[in-house]
Amino acid sequence: MKKRNLALSLLATSVLAGCAASNNNAPAWEHDKSYDITIIHTNDNHGNFWQNGNGELGMAARATLVKQIREEVEKAGGSVLLLSGGDINTGVPESDLQDAEPDFLGMNMIGYDAMAVGNHEFDNPLDVLAKQVEWANFPFLAANIYQDGKRMFAPYKIFEKQGVKIAVIGLTTEDTAKIGNPEFIAQVDFTDPKEEAKKVIAELKRDHNPDVIIAATHMGHYADGNHGSNAPGDVLLARYLNEGDLDMIVGGHSQEPVCMEGENQYADFKPGDECKPDVQNGTTIVQAHEWGNT
Ligand SMILES: [Zn+2]
């Protein structure tokens, strides 16, 4: 196993006191104290549950690395949140032929907290997707996918870590309507994720007053928002919202290591290098290449 090749993007976020809180919804954290909450994230697994022909990657190696990070963080008094930017399905026959069951069971064992729904989750009939939701012991999140006028998935989930309330919203590219299997998505609507994010953030602030809001997205990262023929991605999402409405976007879909150099330029990133995430309109944007790799 080549640990360096595996890697998940890792970001330690210090959550500082200072968020406005109404009296009837007082925060459980203490002022003037920092809390270390480490977000571990992967995206675009695409059936890579076992090692490839080069002996790289695979979920057993990913589990080892996540366990190590978890132990280190927890020993230092911090907490971990493990998120996926979606597209668990499609890419390796051994996974495809089993409807990605090994991948979802592996994610359970690694301890994922939530995932964004990716376009490739619609490569199979909807009853397969429903089965996958059952297999997973973590939520599939998508605020902008509807069937018969109702959301197919929970729009968000709220986590509490050391008294810090963290809301995670799921968003999926509206390109899924074009690139998903038409046989399976005829009855499914993919609405504008930017609009849904705005609505859900307002709802979260009104009803839950979270300290941190993260979007787990499957929309793609395009430098400076130049999305070409693709639907707008994470950069335009961050710019569309009020500054800092989202603390972080954990993305997927474009399968880039989102490591920046200068303004709106991708760095020539190699595994093991330091990675500087993108920051747009007060929102930190991360994405960890693909397959559990960086
Ligand atoms: Zn995708």
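**Figure 1. Strands S2 and S3 in the predicted model.** Threonine 42 stands opposite serine 84, a residue of S3. The model shown in this and the following views is predicted. S2 and S3 pair in the parallel sense, and the pairing extends over 6 bridges.

Figure 2. Aspartate 44 is found in the loop between S2 and H2. Its phi is positive, at about 50°, although aspartate 44 is not a glycine. With a relative accessibility of 0%, aspartate 44 counts as buried. Threonine 90 has its place in the loop between S3 and H3. Threonine 90 is likewise not a glycine, yet has a positive phi of about 75°. At 29% relative accessibility, threonine 90 counts as partly exposed.

Figure 3. Four residues supply the protein donors of the zinc ion: Asp87 through OD, Asn119 through OD1, His218 through NE2 and His253 through ND1. These donors lie 2.1 to 2.3 Å from the ion. Along the sequence, the donor residues follow the spacing D-x31-N-x98-H-x34-H. Aspartate 87 belongs to the loop between strand S3 (79–84) and helix H3 (93–96), and asparagine 119 to the loop between strand S4 (114–116) and helix H5 (126–135), so this pair ties together parts that are 32 residues apart in sequence. Aspartate 87 and asparagine 119 are both buried.

**Figure 4. Angles at the zinc ion.** The arrangement of the 4 donor atoms is irregular because they subtend angles of 85 to 168° around the zinc ion. For four donors to count as tetrahedral, all angles would have to lie between 85 and 135 degrees. For reference, the ideal angle at a metal with four tetrahedral donors is 109.5 degrees.

Figure 5. The buried residues of H4 are Pro102, Asp103, Phe104, Gly106, Met107, Asn108 and Ile110. Their cover includes helix H2 (59–75), S3, H3, S4, H5 and strand S5 (140–141). Just after H4, glycine 111 takes a positive phi of about 95°.

Figure 6. An open sheet is formed by 6 strands in the order S8-S9-S11-S12-S14-S13, with mixed pairing. Strand S8 (156–161) and S13 are the edge strands, each pairing on one side only. On average, neighbouring strands of this sheet are turned by 25° against each other, direction ignored. Helix H8 (residues 193–207) packs on the sheet, where it touches S8, strand S9 (164–172) and strand S11 (212–218). The direction of H8 makes about 160° with that of S9.

**Figure 7. Strand S14 and threonine 283.** Strand S14 (residues 283–286) pairs with S12 in the parallel sense over 3 bridges. Isoleucine 249 stands opposite isoleucine 285, which lies in S14. Threonine 283 is also found in strand S14. Threonine 283 is buried, with a relative accessible area of 1%. Residues up to four places away in sequence not being counted, threonine 283 touches Ala238, Gly244, Leu246, Asp247, Met248, Ile249 and Asp278.

**Figure 8. The disulfide of the structure.** The structure holds 1 disulfide. It is formed by cysteine 259 and cysteine 275, whose sulfur atoms are 2.1 Å apart. The link between cysteine 259 and cysteine 275 is left-handed, with -100° about the S-S bond. Both cysteine 259 and cysteine 275 lie in the loop between strand S12 (248–250) and strand S13 (278–280), so the pair ties together parts that are 16 residues apart in sequence. Cysteine 259 is buried, with a relative accessible area of 2%, whereas cysteine 275 counts as partly exposed at 25% relative accessibility.

How values were computed:
Residues are numbered from 1 along each chain as its sequence is written. This is a predicted model: local features need pLDDT of at least 70, side-chain atom pairs count only at pLDDT 80 or more; totals for chains, interfaces and linings use all residues. Side-chain values use heavy atoms; hydrogens and water are left out. Donors are N, O and S atoms within 2.8 Å of the metal (3.2 Å for Na, K and Ca); water is not among the atoms, so sites may look incomplete. Four donors count as tetrahedral if all angles lie between 85 and 135 degrees; four count as square planar and six as octahedral if opposite donors are over 155 degrees apart and all others between 65 and 115; anything else is irregular. Helices (H or I, at least four residues) and strands (E, at least two) are DSSP runs, numbered from the N terminus. Buried means under 20% relative accessible area, exposed over 50%, partly exposed in between (1.4 Å probe, protein chains only). A disulfide is a pair of cysteine sulfur atoms within 2.5 Å. Contact means heavy atoms within 4.5 Å. Two strands pair if DSSP finds at least two bridges between them. Axes are lines fitted to C-alpha atoms, for helices over the stretch in contact, and angles run from 0 to 180 degrees between N-to-C directions.
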